[in-house]
Amino acid sequence: MGLSRVTLANGLSTRVLDTGGDKPPIVMLHGLANAIEIWDRVLPALTARFRVVAFDLPGFGEASRPDAAYDSRFFVEQLEDVLNALSIERAHLVGSSLGAGVIVRFSAANLRRIDRAVLAAPGGFGRQTHLLMRPTALPLIGEALGRPTPFNNHLTLRLAIHDPRNITPELVALTDRYAAMPGSEWSFPRALRTGVGLFGVTARDSFEVLARRLDRPALVLWGRQDRVFPPQQSDRALALLPQATRVLIDQCGHYPHWEQPEAFVSAVEAFLT
């Protein structure tokens, strides 16, 4: 698997994994505070049938951390630039949480570039989210409370992952290392604050309008024990997305690709092939 550093059209740079070849391309978008490595448990199986591309969303992993808004427009631009840099005109898009939300937003002006979409527990299909997700919306002190310190990182992983045995020392060390990179003090809280307020998930109306227009086959994946966005929100996703199917994965929290990689790969391969 080839890892490289790519400079985007907007001047930012990011780390890209590209398995290459002439197989159908899958482009994978991780969630908040994650990086390419969050896909490690599913990449080997997916590369058997697909050209797999994964990259660090700017603000996370080893990507640039500009002093920016970290809103939906910002992340959509990064996805567009990565596709253009790799000369990928059309692909399957697979997203987790923030990454899944970016796919929905990206579809507004780029529907032709989406073959099929896999949306793993995106925010936007309901107001409810865990109370720990909301403090960054507090005026003045929100950004300080949301800084990715080792203590806050552990809280985030414990919230997202159902089985504590899956919070491996390697994952903790990786999360802490990336969170210590300059610029992380604003990238995490700003990205979270653009989608979550004191009363839960925000900007739902505009998100639902775009979901109704995402007229591509879409697989909605959710962990049955997800505490970040409850799995009942998948009902709303099914009601809005024009061509949606759903898979709920048991004994699984917010990261199905990490906690239940075999079930995740099985569902994705069945859907894409």
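This is a predicted model: local features need pLDDT of at least 70, side-chain atom pairs count only at pLDDT 80 or more; totals for chains, interfaces and linings use all residues.

Reader: Which residues of helix 2 are buried?

Author: Buried here means a relative accessible area under 20%. In helix 2 the buried residues are F74, F75, V76, Q78, L79, D81, V82 and L83.

Reader: How does the spacing along a helix help me read such a list?

Author: An α-helix has 3.6 residues a turn, so residues three or four places apart point the same way. In helix 2, F75, L79 and L83 are among the buried residues, and F75, L79 and L83 are also among the residues that meet helix 3.

Reader: How many residues does helix 2 have, and what span does it reach?

Author: Helix 2 has 14 residues, and from its first C-alpha to its last it reaches 20 Å, close to the 20 Å expected at 1.5 Å a residue.

Reader: How do I describe the way two helices pack?

Author: Two packed helices are described by the angle between their axes and the distance between the axes. For helix 2 and helix 3, the axes cross at roughly 75 degrees and come within 9 Å. The two helices, helix 2 and helix 3, are therefore roughly perpendicular to each other.

Reader: Which residues of helix 2 and helix 3 meet?

Author: From helix 2 come S72, F75, V76, L79, E80 and L83, and from helix 3 come L98, V102, R105, F106 and N110. Sorted by class, this contact of helix 2 with helix 3 has seven nonpolar, two polar and two charged residues.

Reader: Is helix 3 mostly covered or mostly open?

Author: Helix 3 is mostly covered, with 11 of its 13 residues buried. The buried ones are L98, G99, A100, G101, V102, I103, V104, R105, F106, S107 and N110. Their cover includes strand 3 (25–29), helix 2 (72–85), strand 5 (91–96), strand 6 (114–120) and helix 8 (204–213). Helix 3 itself runs over residues 98–110 and reaches 18 Å from its first C-alpha to its last, close to the 18 Å expected.

Reader: At what angle do helix 3 and helix 8 pack?

Author: The angle is about 70 degrees, and the axes of helix 3 and helix 8 are 9 Å apart. Helix 3 and helix 8 are therefore roughly perpendicular to each other. The crossing of helix 3 past helix 8 is left-handed. Its contact is made by G101, V104, R105, S107 and A108 of helix 3 together with S206, F207, L210 and A211 of helix 8. Those contact residues of helix 3 and helix 8 divide into five nonpolar, three polar and one charged.

Reader: How do helix 5 and helix 6 cross? What is the angle?

Author: The axes of helix 5 (residues 150–160) and helix 6 (residues 169–179) cross at roughly 130 degrees and come within 10 Å. Helix 5 and helix 6 are therefore oblique to each other. Helix 5 passes helix 6 in a right-handed crossing. Here P150, N153 and L157 in helix 5 meet L171, V172, T175, D176 and A179 in helix 6.

Reader: What should I look for in the backbone angles?

Author: Most residues other than glycine have a negative phi, and most peptide bonds are trans. Y70, in the loop between strand 4 and helix 2, has a positive phi near 55 degrees. Just after helix 2, S87 takes a positive phi of about 55 degrees. A33, in the loop between strand 3 and helix 1 (43–46), has a phi near 65 degrees, again a positive value.

Reader: What does S64 contact?

Author: S64 lies in the loop between strand 4 and helix 2 and counts as buried at 18% relative accessibility. Leaving aside its neighbours within four places in sequence, S64 is in contact with R5, L12, S13, P58 and G59.

Reader: Where is A121?

Author: A121 is in the loop between strand 6 and helix 4 (142–145), and is buried with a relative accessible area of 1%. Beyond its neighbours within four places in sequence, A121 is in contact with S97, L221, W222, D226, F229 and H254.

How values were computed: Residues are numbered from 1 along each chain as its sequence is written. Side-chain values use heavy atoms; hydrogens and water are left out. Helices (H or I, at least four residues) and strands (E, at least two) are DSSP runs, numbered from the N terminus. The expected span of a helix is 1.5 Å times one less than its number of residues. Buried means under 20% relative accessible area, exposed over 50%, partly exposed in between (1.4 Å probe, protein chains only). Contact means heavy atoms within 4.5 Å. Axes are lines fitted to C-alpha atoms, for helices over the stretch in contact, and angles run from 0 to 180 degrees between N-to-C directions. Angles under 35 degrees count as roughly parallel, over 145 as roughly antiparallel, 65 to 115 as roughly perpendicular and the rest as oblique. A crossing is left-handed if the near helix is turned anticlockwise from the far one by less than a right angle, and right-handed if clockwise. Ala, Val, Leu, Ile, Met, Phe, Trp, Tyr, Cys and Pro count as nonpolar, Asp, Glu, Lys and Arg as charged, and the others, Gly among them, as polar.
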